[in-house]
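Reader: New model on my screen. Walk me through it, please.

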Amino acid sequence: MPEARKPVFDRLAIIGVGLIGSSIARAARAQGAASTIVATARSAATRRRVAELGLADEVVETNAAAVKGADLVIVCVPVGSSGTVAAEIGPALKPGAILSDVGSVKDSVLKDMGPHVPAQVHFIPAHPVAGTEHSGPDAGFAELFENRWCILTPAAGTDLAAVARLKAFWTALGSNVEIMDAEHHDLVLAITSHVPHLIAYNIVGTADELQSVTRSEVLKFSAGGFRDFTRIAASDPTMWRDIFLHNKKAVLEMLGRFNEDLSVLTRAIRGGDGKTLMDLFTRTRAIRRSIIEIGQETAEPDFGRAKHSKESPTPMPRPYATGD
Ligand code: NAP
C-alpha cells in the first residue's frame, strides 16, 4: 500500500456502490485521498448495507443529493445507466467539480454522459482495469487497484490541471495511470477483456447445453481449463450485457478476427497440421510469461489457488483479479 498522504479531494461522491464503487470508497479512506466520502446507490437495500459497512461518511437517497458540493464525482454504475445518471446529476454538479466514471466502455460513456455535463464541470471518463467476478458493496476491497492500470479518456481540450488531479487520486489508490483516446481504449479492451468474456460465456453455455455430457460430469471434471472459464462466466450479467451492447463496433471487429483464426485452427486439427498448432502454442506461452514478468499475473501454479485456499478459504481476491 502507498503511504497515506494529503487528501487529493475534499468531498468525494460515489454513485453506485458495488464492487468498484465500494473498493474506491475503501481505498480512498485507507489512503486518505478524500476528506469526506458521500455515497448513494439505486436501492434502499444497498444504501442500507453501505451504511452498515461504514463505507462512507454520508449515505444519501438520491444521485442529485450525493453530488451537491462534491469536488470529485465518480459514477460507478453499469455503462447502460451512465446517461440517465448524468441527466439526473448534471444540474446539481458544483462548478469546477470533476465528473468521472469507471465504466468498462469509454466512447459510449463520453457520448451518453457528455451532453448532460455543465460547461464549468470537468468531465474525465476513467476505467480502472481491475476487478473480480463478484458484485455488490460486500465484494470490494481497498487493495483492488494496487499495481493495476487506470485508463483516463478525456476528450480533446479537457483542462489539464483537472486531468492531473484525477491522475493524482488514482495514483493515491495505488494505480498506474495511462491517458488514452476513448475509441482506442474500446478497441484494446475488446480484445483483452470483452471478447475473452464472451468466449467464456459461450463455452460454459455450450457445455451446459450438451445433451451427451451430463451436467454432473461437467461439474465433476471441471478442474481442467473449463473451471477458469466458469469463473469469468460468473461475472455480473447486467454489467456484461451493457458492455457488449455499448462496445459493439470494436467487439464485432475483434470477433471477426477471432473467428478467422479459429477457422485456421479447425483446419489444422482436421488436416493433422501439428506445426501450425505448435507454432501458435509456443507463441502464446511466451505471451503468458511476459504478462507474469510485468507483474500483471501470478506465476504460482493453479493461479495461487492451493496456497490461498489454505491461508484464507475466502475471499481470494488478488489471484482472481481479472482486470475488466
Ligand atoms: P455492481 O457491483 O453490480 O454495482 C453496481 C452499483 O450501481 C450498485 O450499487 C447499483 O445499486 C448501482 N446502480 C445501478 N444503477 C444505478 C442508478 N441508476 N443510480 C444509482 N446507482 C445505480 O457493479 P460493478 O462491478 O461495481 O461495476 C460498476 C461499473 O464498473 C460498470 O460500469 C463496470 O463496467 C465497471 N467496471 C467493473 C469491473 C468489474 O470487474 N466488476 C472492473 C472495471 C470496471 P443497487 O445495488 O441498488 O442496484
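## Sheets, a loop and a pocket

Reader: Which residue in strand 8 stands opposite A126?
Author: L152 in strand 8 stands opposite A126. Strands here are DSSP runs of E with at least two residues, helices are runs of H or I with at least four, and both are numbered from the N terminus.

Reader: Ground rules before we go on?
Author: This is a predicted model, where local features need pLDDT of at least 70 and side-chain atom pairs count only at pLDDT 80 or more, while totals for chains, interfaces and linings use all residues. Residues are numbered from 1 along each chain as its sequence is written, and side-chain values use heavy atoms, with hydrogens and water left out.

Reader: Back to the strands. In what sense do strand 7 and strand 8 pair?
Author: Antiparallel, over three bridges, with strand 8 covering residues 149-152. Two strands pair if DSSP finds at least two bridges between them. P128 stands opposite C150 in strand 8.

Reader: And how many bridges join strand 8 to strand 9?
Author: Four, and these two strands run parallel. I151 faces E178 of strand 9 there.

Reader: What is the strand order in that sheet?
Author: The order is 7-8-9, in an open sheet of three strands with mixed pairing. Strand 7 (126-128) and strand 9 (176-179) are the edge strands, each pairing on one side only. On average, neighbouring strands are turned by 20 degrees against each other, direction ignored. Axes are lines fitted to C-alpha atoms, for helices over the stretch in contact, and angles run from 0 to 180 degrees between N-to-C directions.

Reader: Which helix lies across these strands?
Author: Helix 6, residues 160-172. Helix 6 runs at about 165 degrees to strand 8. Contact means heavy atoms within 4.5 Å.

Reader: Where is N147?
Author: N147 sits in the loop between strand 7 and strand 8. Its phi is near 60 degrees, a positive value in a residue other than glycine.

Reader: Is N147 buried, exposed or partly exposed?
Author: Partly exposed, because its relative accessibility is 40%. Buried means under 20% relative accessible area, exposed over 50%, and partly exposed in between, using a 1.4 Å probe and protein chains only.

Reader: What pairs with strand 4?
Author: Strand 1 (residues 9-15) joins strand 4 through four parallel bridges. L12 is opposite L72 there. Strand 5 (residues 98-101) also pairs with strand 4 in the parallel sense, over four bridges. In strand 5, S100 is the bridge partner of I74.

Reader: Which way do the strand 4 side chains point?
Author: L72 and I74 point one way from strand 4 (residues 72-75), V73 and V75 the other way, and all are buried. In a regular strand the side chains alternate between the two faces of the sheet.

Reader: New topic. Is A56 buried or exposed?
Author: A56 is buried, because its relative accessible area is 13%. A56 is in the loop between helix 2 (44-53) and strand 3 (58-59).

Reader: What does A56 contact, leaving aside neighbours within four places in sequence?
Author: R29, I37, V38 and A39. V38 is 18 residues from A56 in sequence but 5.5 Å away in space, C-alpha to C-alpha.

Reader: Last one. How much space lies in the second largest pocket?
Author: About 950 Å³. Of its 44 lining residues, G16, G18, C76, V77 and P78 are the closest to its centre. Helix 10 gives the largest share of the lining, four residues.

Reader: How do the lining residues divide?
Author: Into 17 nonpolar, 20 polar and seven charged. Ala, Val, Leu, Ile, Met, Phe, Trp, Tyr, Cys and Pro count as nonpolar, Asp, Glu, Lys and Arg as charged, and the others, Gly among them, as polar.

Reader: And the pocket criteria?
Author: On a 1 Å grid over the protein atoms alone, a pocket is an open set of points where a 1.4 Å probe fits, with protein on both sides within 12 Å along at least five of seven lines. Lining residues have an atom within 4 Å of a point. Points are joined across faces, edges and corners, and the volume is the space filled by probe spheres set on them.
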